[in-house]
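Here is a short briefing for a first look at this structure. Keep the view open as you read.

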Amino acid sequence: MSYRSVKLIKRPELEITADVFNIVTQDIPSPAEGEVLVKLSHLSLDPAMRGWMSPDENSYIPPVKLGDTMRASGIGEVVASNNEKFPVGARVMGLMGLTEYAISDGNGLNVIPKELPAEAILSVIALPGITAYHGVFEVLKPEAGQTLIVTAAAGSVGSLVGQMAKNLGLTVVGVAGTDEKCQWLTKELGFDHALNYKDADFVEQLTQTTPNGIDLFFENTGGAAQGPIFERMNAHGRIAVCGLIADYQTAEPSPGPSWVGIIKRRLSIQGFTMPDHFHRIPEYGQALGAMLGKGELKYRAHVIEGLESATTGINLLFEGKNTGKLIVKL
């Protein structure tokens with residue numbers, strides 16, 4: 001019996017090209033004492049994976065070593081176990097990689113309900129949901145009546161951020177890259193406004209839709225929208241910097257906001273990444289599951305088929321062509 005896994009064999013220069021990966025066929029291993037063998041059913045493709053491919057050792061998580069299985073979140077079933085915490089038949093989620101089977105010692109694995117669809121788990125309760133939850137409740141700490149703006153608002157994280165803020169009584173403005181995405185945000189998710197940053201009059205639209213300025217900014221992208229949004233920030237506003245996808249595949253990052261503006265507006269700006277807070281996954285997962293059960297959070301998944309689709313499909317994230325949480329079904 002054999003399985004396939006995606007190995008990182010080359011560092012991407014700018015764009016992720018097919019030659020940075022190699023799909024390898026291997027014999028299915030047997031778990032040692034304390035280990036489990038997991039058969040993966042669904043894999044998550046996330047923008048953070050681009051950073052994990054870089055050679056930068058001075059980051060929040062070590063880069064994937066060349067020759068190793070590409071790091072990725074996934075869902076699977078325990079098919080062999082020498083770990084009493086994870087019996088055969090348990091459904092688990094964790095950073096098991098772009099692979100059809102994985103051996104794990106249980107660290108970082110979480111048992112998840114069998115009755116929830118995989119798309120719901122990876123879209124809401126996995127990395128996108130816990131990122132949105134932490135950014136909203138622990139970093140931005142919103143109050144009813146405030147105005148919040150979120151970039152990449154139709155993405156897996158941004159769409160949840162906006163819904164959480166609406167449920168708390170905020171005015172929510174989403175920024176996305178197509179008119180279709182903007183319509184989904186307002187008509188389906190209940191955002192107050194959604195702006196296409198590619199529109200020639202984006203700055204004018206931003207001014208009109210934020211007449212009282214912006215109190216909270218959940219930054220997912222960087223790029224063209226960042227500057228105009230920064231200029232609309234109110235005094236004592238808060239900015240959560242979660243991602244800068246516009247800069248991930250460029251040779252030089254875009255200039256950031258003016259430090260003079262930060263001083264004048266007395267802004268609080270905090271960057272965050274979830275590996276610092278993985279110990280809170282059970283807590284966040286329970287809260288997100290409750291929101292999902294109450295119908296407070298909607299999602300949509302963009303599912304592609306087969307392990308080999310991951311090597312090229314990941315670029316949908318950086319081209320803005322995914323329509324929802326990007327998932328590989330095995």
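Start with a pair of helices: the axes of H2 and H9 come within 10 Å and cross at roughly 120°. That angle makes H2 oblique to H9. The model is predicted.

**The H2–H9 crossing**
- The crossing of H2 and H9 is right-handed.
- On the H2 side, Ala 120, Val 124 and Ile 125 make the contact.
- On the H9 side, the contact residues are Gly 285, Leu 288, Gly 289 and Leu 292.
- Two packed helices are described by the angle between their axes and the distance between the axes.

**The nonpolar cores**
- The largest nonpolar core holds 39 residues.
- Leu 148, Val 161, Met 164, Leu 185, Phe 218 and Leu 288 have the most contacts inside this core.
- H3 gives the most, with 7 residues.
- In soluble globular proteins, nonpolar side chains tend to be buried together.

**The cysteines**
- How many disulfides are there? The count comes to 0.
- Cys 182 is in no disulfide.
- The cysteine sulfur nearest to that of Cys 182 belongs to Cys 242 and is 19 Å away.
- For Cys 242, too, the closest cysteine sulfur is 19 Å off, in Cys 182, and this is too far for a bond. A disulfide needs the two sulfur atoms within 2.5 Å.
- Is Cys 182 buried or exposed? Cys 182 counts as buried, at 8% relative accessibility.
- Cys 242 is partly exposed, with a relative accessible area of 21%.

**Val 303 in strand E14**
- Val 303 lies in strand E14, which covers residues 301–305.
- Val 303 is partly exposed, and its relative accessible area is 33%.
- Which residues does Val 303 touch, leaving aside those up to four places away in sequence? Val 303 touches Glu 119, Ile 327 and Lys 329.
- Val 303 and Tyr 101 are 202 residues apart in sequence. In space they are 19 Å apart, C-alpha to C-alpha.

How values were computed: Residues are numbered from 1 along each chain as its sequence is written. This is a predicted model: local features need pLDDT of at least 70, side-chain atom pairs count only at pLDDT 80 or more; totals for chains, interfaces and linings use all residues. Side-chain values use heavy atoms; hydrogens and water are left out. A nonpolar core is a set of buried Ala, Val, Leu, Ile, Met, Phe, Trp, Tyr and Cys residues joined through side-chain atoms within 4.5 Å. Buried means under 20% relative accessible area, exposed over 50%, partly exposed in between (1.4 Å probe, protein chains only). Helices (H or I, at least four residues) and strands (E, at least two) are DSSP runs, numbered from the N terminus. Axes are lines fitted to C-alpha atoms, for helices over the stretch in contact, and angles run from 0 to 180 degrees between N-to-C directions. Angles under 35 degrees count as roughly parallel, over 145 as roughly antiparallel, 65 to 115 as roughly perpendicular and the rest as oblique. A crossing is left-handed if the near helix is turned anticlockwise from the far one by less than a right angle, and right-handed if clockwise. Contact means heavy atoms within 4.5 Å.
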